[in-house]
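Biologist: I have a new model on my screen and would like to understand the words used to describe it. Could you walk me through them?

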Amino acid sequence: MHKQRQRKAGTQSIAEIPAVRGQHLLHHQPVIHEMIELAGITAADVVLDLGAGRGAITMPLAERAGKVLAVENDDAFAAVLRQKSAPCRNVSVIEQDIRDTYLPKEPFHVVANIPFFITTPILEKLLDQPGSPFQGAVLIVQHGAAKGLTSRMFRSPRLLTWRMWFDLELVKVVPRRYFSPPPRVDAAILRIRRRNTPWVEAKDRHAFEGLAEYGLAYPEMPVCDVLAGIFTPVQIKLLLLQLKLDRRIPVCSLRERDWGVIFQTMREKVPPYRWPKRGKKKRSSR
Ligand SMILES: C[S@@+](CC[C@H](N)C(=O)[O-])C[C@H]1O[C@@H](n2cnc3c(N)ncnc32)[C@H](O)[C@@H]1O
C-alpha cells in the first residue's frame, strides 16, 4: 500500500514512524548555511544530499552548487522535493534507498543531515574505496558517533583505515532542539576531508587493511608485542626509535602517522608472504 495512504488509514508501521526512519528535520538555518560554507561548495561542484527530506539542505545547496542529487526514499518527502525543486534545473531527486544508490563517477561532495540509524553503511559507502571520486563531506551525525569517529585512540581497524585517507573532524555540537521532531540525543557536524597526501597509497588498501586488522586485534596490547609478529627485534628497535614511541604503550594509542611509517617499513623490509592478511570483509547490517 502507498505509504501516504497507509498513514491516513492509521496503519502506520514501526518503520514509518518519523523517529524510527531517522526523520529529524533540521530547521536551524544558520547551521544549514554553516554546513554549506564548511564544505566549500562552488558552482563547479556535484553535491549529494543523502536523506534530503523536504529539502532543508537541498534548496540552499542548489543556489551554490553546479549539480545537486537529492536522495530520499520517503515517497511523500520525495514528492515535496520534486515540487520545490521544479524551478531549479540543477537539482535531481533520486527516490531510492541511500544504500542502493550508485555514487557519481565524477568528483562529488556530500552535504547532508543523514538518517542516524544508517550512519555506518553510509560511511562505508563513502570511505571504503580510497580511490573513488568522493572528495569530502559535511554531515550531521549523532554526537556520540562523531566523538567515536574522531577519537585519538584506534580500536577499530576500519576507522583506522578510513583515517589513513580522510581527515575526520568534529566541528561542533548541534543541539537536539534544532530538529523537528528532536532526536533523543544531541547531534554534531562532522567534516570529512580527503587528505592531499594520504598516509598510505590507495593501491595499498588491502595490504593496509590486513595490517590494521592484525594490529588492532588486541587494542590494549603493548606495541612491541604486536610488532613482534611482523618485524625482527632489530627492526622493532629502529621503528620505535624513529617513531619516538615507548615499547610498552598500548597499540591503540598509535596515531595515523605511526601506522603509515609502520606500513611503509613493512613494505620495504618484510617479504609479502609474512604480511598479515585481511579477513573476510564484514559489512554492516542494512
Ligand atoms: C535526518 S532526516 C534529514 C532530512 C533533511 N535533510 C533535513 O535536514 O531536514 C533524514 C532523511 O532521510 C530519509 N531516509 C531515511 N532512511 C533512508 C534511506 N534508507 N534512504 C533514503 N532516505 C532515507 C528520511 O525519510 C529523512 O527524510
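Predicted model: local features only at pLDDT ≥ 70, side-chain atom pairs only at ≥ 80, totals over all residues.

Biologist: Let's turn to the rings. Why is the pair of Phe134 and Phe166 called tilted?

Modeller: The structure holds 4 aromatic pairs, and this is one of them. Rings pair if their centres lie within 6.5 Å, and the centres of Phe134 and Phe166 are 5.6 Å apart. Planes under 30 degrees apart would be stacked and over 60 edge-to-face; the planes of Phe134 and Phe166 stand at 50°, so the pair is tilted.

Biologist: What makes this a link between distant parts of the chain?

Modeller: Phe134 is in strand S6 (residues 134–142) and Phe166 is in strand S7 (residues 166–174), 32 residues apart. Both Phe134 and Phe166 are buried. Together with Phe108, Phe134 and Phe166 form one aromatic cluster.

Biologist: And what makes the pair of Phe208 and Phe263 edge-to-face?

Modeller: Again, take the distance and then the angle. The ring centres of Phe208 and Phe263 are 5.7 Å apart, and the limit for a pair is 6.5 Å. Their planes are at 70°, and the cut-off is over 60, so the pair is edge-to-face. Phe208 lies in helix H8 (residues 205–215) and Phe263 in helix H11 (residues 256–269), so the pair ties together parts that are 55 residues apart in sequence.

Biologist: How do you know that Phe208 and Phe263 are buried?

Modeller: Buried means under 20% relative accessible area. Phe208 has 0%, and Phe263 is at 0% too, so both count as buried.

Biologist: What makes H8 mostly covered?

Modeller: In H8, 8 of its 11 residues are buried. Among them are Phe208, Glu209 and Leu211. The buried residues of H8 pack against helix H7 (157–165), helix H9 (223–227) and H11.

Biologist: Glu209 is a charged residue. Why is Glu209 counted as buried, and which residue does Glu209 meet in a salt bridge?

Modeller: Its relative accessibility is 7%, which is under 20%, so Glu209 counts as buried. The side chain of Glu209 meets that of Arg278 in a salt bridge, with 2.7 Å from N to O, and the limit is 4 Å. Glu209 and Arg278 are 69 residues apart, with Arg278 in the segment after H11. At 32%, Arg278 is partly exposed, because that value falls between 20% and 50%.

Biologist: What makes Arg82 and Glu95 a salt bridge?

Modeller: Their closest N and O atoms are 3.0 Å apart, and a salt bridge needs that distance to be within 4 Å. Arg82 lies in helix H4 (residues 75–85) and Glu95 in strand S4, so the pair ties together parts that are 13 residues apart in sequence. Arg82 is partly exposed at 39%, and Glu95 is partly exposed at 40%. A search of the whole structure finds 19 salt bridges. Another one joins Asp128 and Arg158, also with 3.0 Å between the closest N and O atoms. Elsewhere, Glu201, Lys203, Asp204 and Arg267 are linked in a network of salt bridges.

Technical notes
Residues numbered from 1 in each chain as written. Heavy atoms only, no water. Phe/Tyr/Trp six-rings, centres within 6.5 Å; stacked < 30°, edge-to-face > 60°. Helix = DSSP H or I, 4+ residues; strand = E, 2+ residues; numbered from the N terminus. Buried < 20%, exposed > 50% of the residue type's maximum accessible area, 1.4 Å probe, protein only. Contact = heavy atoms within 4.5 Å.
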